[in-house]
Amino acid sequence: MQQRKKNIALLIFLVIVWGINWPLSKIALAYAPPLLFAGIRTVIAGVILIVAALPKRKALHFSKLWPVYLTSAFLSIVFYYGFQTIGLQYMPSGLFSAIVFLQPVLLGIFAWIWLGERMYGMKMFGLLLGFLGVAALSIGGFTGSISALGVGLALASALSWALATVYTKRNAVRVDMLWMTAMQIMIGGVILLAAGSAVESWSDITWNSTFIVNTLFISVFVIALGWMVYFKLINEGEASKVGSFTFLIPLISIGSSVVLLNERITLNLVVGMLLIVCSIILVNVKIGRAARRLTS
């Protein structure tokens, strides 16, 4: 019972901080170029996690596990945050997050292929609804009111996150999860920072209180603590079942974007979101049983 309450609390924390991350990132991007912003916030999170992992430094095994850390860094951080941070410049944050959170649907497919998790008729129907939902969200991109490039970057972000989750789950028995999280975030952050330094200018960053507070909040709560919680839950339960709970995140993202950024809720957005939520629920139709197993 105690473990169940703890996991429920962790899920609630994850949904909230990852939901408000999107409008906060959109606000911060007004004061910094995208790659430098992605690199700064990720390196700060990496430093925090490495300090936390130092008491377990014997579990690092960097000379043996560096290929795992590097691959995970590219999938979880470089590609995911790179596509996300650039893509947010082309679309409203609520809409962008709605497309990214097709990730549980993609995760259901990859977990079936590579982790041996079950696939059945209801899941297949749910996947079809998910793609229809993305199509509904993307209609504006073809009419010119929503960036088609933004839609593509959101889908790329979802794909990299789903692949990263499956990769981490497959390697969970080989690595210490705290070091895995710390290394992928630090390596990914350094790569993003280097790329940003090469193609962007540090002088374009406005170091005001809004940018600093948002960056620190995202670094500590969204990236450092958020990824630790996510991979802890992934390591303890089936990947697709943990993924099923993330359908709440775009709802919080859209709500907070309306409040913080005055973004509009359009018919395409409502229809697309409903289809995606229905898709994710159908893909994870045994949510109740999954929740009991995850939190027991």
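**Aromatic pairs and helices**

Me: How many aromatic pairs does a search of the whole structure find?

Reply: The search finds 20 aromatic pairs. Rings of Phe, Tyr and Trp (its six-membered ring) pair if their centres lie within 6.5 Å; planes under 30 degrees apart are stacked, over 60 edge-to-face, and the rest tilted. This is a predicted model: local features need pLDDT of at least 70, side-chain atom pairs count only at pLDDT 80 or more, and totals for chains, interfaces and linings use all residues. Residues are numbered from 1 along each chain as its sequence is written, and side-chain values use heavy atoms, with hydrogens and water left out.

Me: What kind of pair do tryptophan 18 and tyrosine 230 form?

Reply: A tilted one. The distance is 5.3 Å centre to centre, with 40 degrees between the planes.

Me: Which helices do tryptophan 18 and tyrosine 230 lie in?

Reply: Tryptophan 18 is in helix H1 (residues 2-28) and tyrosine 230 in helix H9 (residues 209-236), so the pair ties together parts 212 residues apart in sequence. Helices here are DSSP runs (H or I, at least four residues), numbered from the N terminus.

Me: Are tryptophan 18 and tyrosine 230 buried or exposed?

Reply: Tryptophan 18 is buried, and tyrosine 230 is buried too. Buried means under 20% relative accessible area, exposed over 50%, and partly exposed in between (1.4 Å probe, protein chains only).

Me: Which residues form an aromatic cluster?

Reply: Trp18, Tyr80, Tyr81, Trp161, Trp227, Tyr230 and Phe231 form one.

Me: New topic. Where does H3 bend?

Reply: At phenylalanine 74, by about 40 degrees. The bend is the angle between axes fitted to the seven residues ending there and the seven starting there. The expected span is 1.5 Å times one less than the number of residues.

Me: And what about H8, how far does H8 reach?

Reply: H8 has 23 residues and reaches 33 Å from first C-alpha to last, close to the 33 Å expected.

Me: What does threonine 181 touch?

Reply: Leu49, Trp227, Met228 and Phe231, not counting residues up to four places away in sequence. Contact means heavy atoms within 4.5 Å. The side chain of threonine 181 also reaches the backbone oxygen of methionine 177 at 2.8 Å.

Terms used. Helices (H or I, at least four residues) and strands (E, at least two) are DSSP runs, numbered from the N terminus. A polar contact is a pair of N or O atoms within 3.5 Å; within protein, one must be able to donate a hydrogen and the other to accept it, and residues adjacent in sequence count only if both atoms are side-chain atoms.
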